[in-house]
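Got the sequence and the coordinates open? Let's take a walk through the fold, one piece at a time.

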Amino acid sequence: MKTRAVLSVLGEDRVGIVAGVSAVLAENGVNIEDIRQTILAGIFSMTMLVTVDEGTHPFETVQARLAEVAERLGMQITLQREDVFRFMHRV
Amino acid sequence: MLNISPEEITETLLMVQQQHLDIRTVTLGISIGECAADSAEEMSLRLYERVTRAAERLVPVCEAIEREYGIPIRNKRISVTPVASVAGRCACDDLTPVALAMDRAASAVGIDFIGGYSALVQKGVGRADDALIRSIPAALATTERVCSSVNVASTRAGINMDAIARMAHIIKETAALTAEADSIGCAKLVVFANMVEDNPFMAGAVHGAGEADVVVNVGISGPGVVRAVIAAMPDDADLTAVAEAIKATSFKITRAGELVAREAARRLGVAMGIVDLSLAPTPAEGDSVAEILEAMGVERCGAPGTTTALALLNDAVKKGGAMGTSSIGGLSGAFIPVSEDAGMVRAVECGALNLEKLEAMTAVCSVGLDMIALPGDTPAETLAGIISDACAIGVINSKTTAARLIPVAGKKAGDHVSWGGLLGAAPVMDVSAWSSAKLINRGGRMPAPLGSLRN
């Protein structure tokens, strides 16, 4: 089962954020479909639309791996099912 | 393609992380009609089996939804068919064993409250109703998670004044039996007019007679989100603009509730019931309905204009919410519980808010006289007078009203009590010293009101 999800990364800019996050995604069979990234006043903000293959990598496991990389990089990383945004922001 | 903007994603994240957006409760309504038995003990066994089986997966399913969607689900709860309506077969005067079984079942499935130790007596008190009402003080004193409610009035039946007088004594007795914990038993007891059958919020949740076997009802929350939106508006933004902003916010909050309700129902394999559009505060700083009214422009909750602000808030929340779900139900009106709302507590402490103003506010929202600490020596007739006033507002205006009064044993006006957790803390409020005894002692029933000539 493929699940669309939104990944948000927020924190102080530093070397290796995109590399660190995307490496974990690749290891867990998560496909990146879209990326938007900005830096505002030194704050790194990245939003990704991804597809999680829950058949091989349960959502919970992917979240746990991302929590580890979040701790290592000192960033705030959130992975949420995409429909929550569609529900809340579209009539 | 990402068709949601990064700003919208950030908005949602901020709502959760800084403004306390959460789903206040996912409440599983369970019919216990099949648990009818000849004795309270047999009924208790069946009830325990029924509830633990039906709700076995409630907590893990809610926890998974919470994790995957990133929206906290604050409480998981259960409501059952009003026990008195199932207890007719029991040849017993004491239904306390059933309350104990409810408590054990709640504990077994890992939830904090189970509602439905209830009776509907707006027109008359049946034998099972009598047994249930009599056992409320003992039931609430010997259980931790059981919530009780009694409906004493309705627009179609009028107000059962005898039942109100009796409930006032039951409240006093419950206060006395739980005296060592600041009469906490009364915090789990609601007296209703026009009780609804699909309310997910405690302490008044029951699973009504018109419901399917098992349903998921969801109560939204989000006072902090609404307050932040209003606080960000300029001071001279007019009230039409304020109403518009509340509507837009309410839509988003309600959609989160709708999503969780659909998903929980799907994963549990049961029917989706309703989404309750009530802004429900918690004692956490910033999660306050009073602070919304203050952000709208009254210096302190309770100042003149407070009823207007609350009416606007309540109406705008429903209008926005009505676009967000086609399953509106439950109480769907802002809650103004004193002890559970830091802003309300402050307003009472500084003298801006009193019992009479809360009664006026009841006319434009739901469950107005909620979590109110009163002096322990308040006469039962005075409690009955306060409850009947709340009921009169509900009955005449065809809306739900309720009273959750806590005459705290041994405490007087100005003292402070703390129940902890979601129940919060509150100052003991002043109550009128003028007697209601003659009116209450008349008893009888206030006839149902006319449906026309509405002024």
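Predicted model: local features only at pLDDT ≥ 70, side-chain atom pairs only at ≥ 80, totals over all residues.

Strand 1 (residues 2-12) of chain A runs antiparallel to strand 4 of chain A, and six bridges join the two. If you want a landmark, Val9(A) stands opposite Ile77(A) in strand 4 of chain A.

Now for the helix pair. How do helix 1 (residues 17-27) of chain A and helix 2 of chain A cross? Their axes come within 10 Å, and the crossing is at roughly 160 degrees. Angles over 145 degrees count as roughly antiparallel, and the two helices of chain A, helix 1 and helix 2, are therefore roughly antiparallel to each other. Helix 1 of chain A passes helix 2 of chain A in a right-handed crossing. On the helix 1 side, the contact uses Ile17(A), Gly20(A), Val21(A) and Val24(A). Helix 2 of chain A brings Arg65(A), Leu66(A), Val69(A), Arg72(A) and Leu73(A). Sorted by class, this helix 1 to helix 2 contact of chain A has six nonpolar residues, one polar and two charged.

**Where the chains touch**

How many residues does the contact take from chain A and from chain B? There are 21 residues from chain A and 19 residues from chain B. On the chain B side, the elements that give two or more residues are helix 1 (6-17), helix 3 (58-69) and helix 9 (239-268) of chain B. The residues on that side of chain B divide into eleven nonpolar, two polar and six charged.

**Chain B: a covered strand**

Next, look at strand 6 (residues 189-193) of chain B. Five of its five residues are buried. In a regular strand, side chains alternate between the two faces of the sheet. Here, Leu189(B), Val191(B) and Ala193(B) point one way from strand 6 of chain B, while Val190(B) and Phe192(B) point the other way.

Which strands pair with strand 6 of chain B? The table puts two pairings side by side.

| Partner of strand 6 (chain B) | Sense | Bridges | Residues facing each other |
|---|---|---|---|
| Strand 4 (residues 146-154) | parallel | five bridges | Ser148(B) and Leu189(B) |
| Strand 10 (residues 401-408) | antiparallel | three bridges | Ala403(B) and Val191(B) |

Most residues other than glycine have a negative phi, and most peptide bonds are trans. A few spots in chain B are worth a look with that in mind. Asn194(B) has a positive phi, near 55 degrees, and lies in the loop between strand 6 and strand 7 of chain B. Asn194(B) is also buried, with 21 other C-beta atoms within 10 Å. The loop between strand 6 and strand 7 (214-220) of chain B also holds Ala203(B). The peptide bond from Met202(B) to Ala203(B) is cis, with omega near 10 degrees.

Ser332(B) is not a glycine either, yet its phi is positive, about 40 degrees. You'll find Ser332(B) in the loop between helix 11 (306-324) and helix 12 of chain B. Is Ser332(B) buried or exposed? Ser332(B) is buried, with 24 other C-beta atoms within 10 Å.

**Chain B: helix 12**

After helix 12 of chain B comes Gly351(B), with a positive phi near 85 degrees.

Notes. Residues numbered from 1 in each chain as written. Chains lettered and ligands numbered in written order. Contact = placed C-beta atoms within 7 Å. Helix = DSSP H or I, 4+ residues; strand = E, 2+ residues; numbered from the N terminus. Nonpolar A, V, L, I, M, F, W, Y, C, P; charged D, E, K, R; others polar. Pairing = 2+ DSSP bridges. Axes fitted to C-alpha atoms, helices over the stretch in contact; angles between N-to-C directions. Parallel < 35°, antiparallel > 145°, perpendicular 65-115°, else oblique. Left-handed = near helix turned anticlockwise from the far one by under 90°. Buried ≥ 20, exposed ≤ 12 C-beta atoms within 10 Å, placed from the backbone.
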